[in-house]
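Please work through the exercises below with the sequence and the model open side by side.

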Amino acid sequence: KDVTREEWAKFIYNLYLDKYMPGVLGIGFSKIITPEELSSHIEEVRNEGLTDYSVWPKGKRELYSSIVYLEPGNVRNKRAIGYDMYSEPIRRKAMQNAIDNNQASISGKVLLVQEFDSDIQPGVLMYLPVYRNDLPSETVEERRNAAIGWIYSPYRMRDLINSIIDEEQMLDEKNIRLEIFDDTSYSEASLLYDSNPGVKAKNLFLLTLEVNYNNRSWYLRFSQSGVS
């Protein structure tokens with residue numbers, strides 16, 4: 001049985017994401033679409049009431065995806081409807097990993113399409129594959145054939161991590177700074193989170209840890225500093 005747009009919205013509403021999971025912008029479904037299905041898919045969604053719906057960015061591709069459902073339906077998330085995440089290399093790598101390995105997969109650092117105001121934050125996405133129930137999915141080839149899309153969540157990293165740790169207590173009591181990086185370059189380009197951004201400091205103590213989850217590593221750098 002297909003899940004309707006109304007059923008999806010009601011289910012996500014009852015999770016109270018804003019209250020219990022700050023930083024999780026929403027939970028959505030991204031559908032796999034072949035070029036032959038593209039026109040009929042757009043027409044079908046427009047008939048549901050989304051009269052301006054389209055799959056974007058425009059252009060011919062061997063395979064499309066589209067964010068069909070994404071709740072809660074706030075201003076940020078409405079901007080993402082119809083976006084083909086599979087068209088972007090960083091997202092596509094995580095989406096392919098999810099299907100091929102039948103596991104939750106986290107993307108590298110991206111700029112979420114929901115970002116449009118002055119509070120721009122680094123983002124990542126988590127994907128969980130969805131397969132047809134009537135097809136086998138034991139091998140990689142079978143999983144690729146049976147896949148119909150992904151359940152996914154976009155995360156704003158500053159909001160997410162600040163909801164997990166007590167940033168003020170870390171600074172006030174121990175003067176500890178936490179930085180999270182997407183790779184071992186420890187560069188601004190790979191920086192996902194900084195509990196004390198924009199401050200130059202002389203490190204008195206430094207500890208780095210690797211956290212791995214389903215083939216994706218984050219590198220945590222803890223420092224205790226005296227500001228110079």
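**Exercise 1: a histidine and its partner**

In this predicted model, histidine 41 has a relative accessible area of 6% and is therefore buried.

**Exercise 2: a tilted aromatic pair**

Determine how many aromatic pairs there are, and then classify the geometry of the one formed by tryptophan 8 and tyrosine 69.

*Solution.* The count comes to 8 aromatic pairs. In the pair of tryptophan 8 and tyrosine 69, the ring centres are 5.7 Å apart and the planes make an angle of 40°. Planes under 30 degrees apart would count as stacked and those over 60 as edge-to-face, so this angle leaves the class tilted. Next, locate the partners: tryptophan 8 is in helix 1 (residues 5-13) and tyrosine 69 is in strand 2 (residues 64-71), so the pair ties together parts that lie 61 residues apart in sequence. Finally, check the accessibility against the cut-off for buried, which is under 20%: tryptophan 8, at 12%, counts as buried, and tyrosine 69, at 11%, counts as buried too.

**Exercise 3: a stacked pair and a charge**

Classify the pair formed by tyrosine 86 and tryptophan 150, state whether each partner is buried or exposed, and identify the charged end that sits over the ring of tyrosine 86.

*Solution.* The centres of the two rings are 6.0 Å apart and the planes are 25° apart, which makes the pair of tyrosine 86 and tryptophan 150 stacked. This pair links distant parts of the chain, 64 residues apart, since tyrosine 86 is in the loop between helix 4 (75-78) and helix 5 (89-101), while tryptophan 150 is in strand 5 (residues 147-156). Tyrosine 86 is buried at a relative accessible area of 16%, and tryptophan 150 is buried at 1%. The charged end over the ring of tyrosine 86 is that of arginine 92, at 5.9 Å from the ring centre.

**Exercise 4: a cluster and a surface patch**

Find which residues make the nonpolar surface patch of about 480 Å², and describe methionine 21.

*Solution.* The patch is made by Tyr13, Tyr16, Tyr20 and Met21, and of these, Tyr13, Tyr16 and Tyr20 form one aromatic cluster. Methionine 21 is in the loop between helix 2 (17-20) and strand 1 (27-33), and with a relative accessible area of 34% methionine 21 is partly exposed.

Methods
Residues are numbered from 1 along each chain as its sequence is written. This is a predicted model: local features need pLDDT of at least 70, side-chain atom pairs count only at pLDDT 80 or more; totals for chains, interfaces and linings use all residues. Side-chain values use heavy atoms; hydrogens and water are left out. Rings of Phe, Tyr and Trp (its six-membered ring) pair if their centres lie within 6.5 Å; planes under 30 degrees apart count as stacked, over 60 as edge-to-face and the rest as tilted. Helices (H or I, at least four residues) and strands (E, at least two) are DSSP runs, numbered from the N terminus. Buried means under 20% relative accessible area, exposed over 50%, partly exposed in between (1.4 Å probe, protein chains only). A charge sits over a ring if NZ of Lys or CZ of Arg is within 6 Å of the ring centre and within 35 degrees of the ring normal. Patches are made of residues with over 30% relative accessible area and no salt bridge: like charges are joined within 9 Å, nonpolar side chains (Val, Leu, Ile, Met, Phe, Trp, Tyr) within 5 Å. Accessible areas come from the Shrake-Rupley method with a 1.4 Å probe; for residues, only the protein chains shown count as cover. A salt bridge is a side-chain nitrogen of Lys or Arg within 4 Å of a carboxyl oxygen of Asp or Glu.
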